[in-house]
Amino acid sequence: MITLQNKTLTATIATKGAELQSLINTTTNLQYMWSGDAKYWGKYSPVLFPIVGGLKNDTYYYEGKAYTLPRHGFARDREFTVKQITDAEALFTLTDDDSSRAVYPFAFTLGLRYKLEGNNLQCTYEVYNPGSEVLLFSVGAHPAFAVPLTGNTVYTDYYLQFNAAENLQRFKLDNGLIAAPEALPVNNNILPLQQSLFYEDAIVLKHMQSSSITIGCNKNSHGINFKFDDFPFFGIWAAKDAPFVCLEPWCGIADSVHTNQQLINKEGIIKLAANAHWQRQWQVECF
């Protein structure tokens with residue numbers, strides 16, 4: 001476990017999956033991350049790579065060969081190497097090996113860079129293609145934030161506020177695959193939180209106008225502002241009746257019910273040229 005600290009925040013990240021597991025404001029002693037209670041869901045903030053969501057029959061095809069991957073890929077279950085750059089910054093790295101190539105035939109380097117600045121945590125995904133062929137991949141985030149955040153509040157005291165006007169379409173999931181959309185009503189860019197929102201799995205959104213979502217509370221001034229840029233897809237999820245909400249910016253998405261299962265044609269797949277670099281960042285402002 002790696003610990004990052006500055007004057008305001010303390011973050012802990014596991015080397016397995018480079019998974020953020022704790023984010024505490026040391027002045028208020030508020031824990032912003034979910035507890036990881038396996039009764040509901042035993043993870044905290046898994047990285048989604050080299051796919052986001054599920055594949056039809058857990059299978060994709062590349063250059064005429066079938067490969068099998070579990071939902072969200074394999075990176076969340078692998079050990080990363082780590083370099084602690086400063087007290088407040090660390091870089092976690094995963095590279096391809098024989099076991100990854102058996103299910104995903106590409107050379108890659110995946111980095112997760114965590115950095116604390118003031119009351120912000122930044123997480124940057126850094127992908128490098130060291131191979132001679134185009135690298136096909138998706139990557140996404142899955143951090144779970146504690147709701148309720150403070151004592152004397154309940155889940156329904158909280159809301160999500162989008163920073164831009166939205167006409168949201170929720171893409172329903174059919175056995176984990178993307179199906180038809182339906183309207184997701186918001187009023188003044190606010191979606192009140194209620195656990196029934198997630199009884200039919202995640203809220204899957206495409207091409208939102210917003211670049212940040214605030215988790216706010218009607219009873220006090222504490223919450224987070226979750227910022228993201230250039231992620232074309234977004235998931236919002238919680239396990240049934242669990243005390244958290246996941247905010248999930250994605251560069252990639254689950255297979256459609258109408259997929260042909262060809263990786264090169266997969267919706268949202270990123271095509272990275274040989275010797276090229278790619279990165280995206282999300283950050284959490286804690287208040």
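How many bridges join strand E18 (residues 203–206) to E21, and in which sense do the two strands run? The legends below take up this question first, for a model that is predicted.

**View 1. Strand E21 and its pairing with E18.** Four bridges join E18 to E21, and the two strands run antiparallel. Within this pairing, Leu205 has Phe234 of E21 as its bridge partner. Strand E21 covers residues 233–237, and five of its five residues are buried. In a regular strand the side chains alternate between the two faces of the sheet.

View 2. Trp250 in E22 stands opposite Phe233.

**View 3. The open sheet E1-E2-E3-E4.** This open sheet has four strands in the order E1-E2-E3-E4, with antiparallel pairing. Strand E1 (2–5) and strand E4 (30–31) stand at the edges; each has a single partner strand, so one side of each is left without a neighbour in the sheet. The partner shown for E1 is strand E2 (residues 9–14), paired with E1 in the antiparallel sense over four bridges. Thr12 in E2 is the bridge partner of Thr3.

**View 4. Two aromatic pairs.** A pair of aromatic rings is described by the distance of the centres and the angle of the planes. The model has 22 aromatic pairs. Tyr60 and Tyr67 have ring centres 5.3 Å apart and planes at 15°, so this pair is stacked. Tyr60 and Tyr67 are both buried. For Tyr62 and Phe106 the centres are 4.8 Å apart and the planes stand at 50°, so the pair is tilted. Tyr62 belongs to strand E5 (residues 59–62), while Phe106 is in the loop between helix H1 (98–103) and strand E9 (109–117); the pair therefore ties together parts that are 44 residues apart in sequence. Tyr62 and Phe106 are both buried.

**View 5. The aromatic cluster around this pair.** Tyr62 and Phe106 belong to one aromatic cluster, which also includes Phe49, Phe74, Tyr104, Phe108, Phe137 and Trp278.

**View 6. Lysines over aromatic rings.** Lys206 places its charged end over the ring of Phe171, 4.3 Å from the ring's centre. Over the face of Tyr199 lies Lys240, at 5.3 Å from the ring centre.

**View 7. The largest pocket.** The space in the largest pocket is about 250 Å³. Its lining has 21 residues, and Arg71, His72, His142, Asp201 and Glu248 are those that lie nearest the centre. By residue class, the lining divides into 11 nonpolar, five polar and five charged.

**View 8. Pro148 and Tyr32.** Pro148 is found in the loop between strand E13 (144–146) and strand E14 (158–162). Its relative accessible area is 30%, and Pro148 therefore counts as partly exposed. Tyr32 is 116 residues from Pro148 in sequence, and the distance between them in space is 9.6 Å, C-alpha to C-alpha.

Conventions:
Residues are numbered from 1 along each chain as its sequence is written. This is a predicted model: local features need pLDDT of at least 70, side-chain atom pairs count only at pLDDT 80 or more; totals for chains, interfaces and linings use all residues. Side-chain values use heavy atoms; hydrogens and water are left out. Rings of Phe, Tyr and Trp (its six-membered ring) pair if their centres lie within 6.5 Å; planes under 30 degrees apart count as stacked, over 60 as edge-to-face and the rest as tilted. Buried means under 20% relative accessible area, exposed over 50%, partly exposed in between (1.4 Å probe, protein chains only). A charge sits over a ring if NZ of Lys or CZ of Arg is within 6 Å of the ring centre and within 35 degrees of the ring normal. Two strands pair if DSSP finds at least two bridges between them. On a 1 Å grid over the protein atoms alone, a cavity is a set of points where a 1.4 Å probe fits but cannot get out, and a pocket is an open set with protein on both sides within 12 Å along at least five of seven lines; lining residues have an atom within 4 Å of a point. Grid points are joined across faces, edges and corners, and a volume is the space filled by probe spheres set on the points. Ala, Val, Leu, Ile, Met, Phe, Trp, Tyr, Cys and Pro count as nonpolar, Asp, Glu, Lys and Arg as charged, and the others, Gly among them, as polar.
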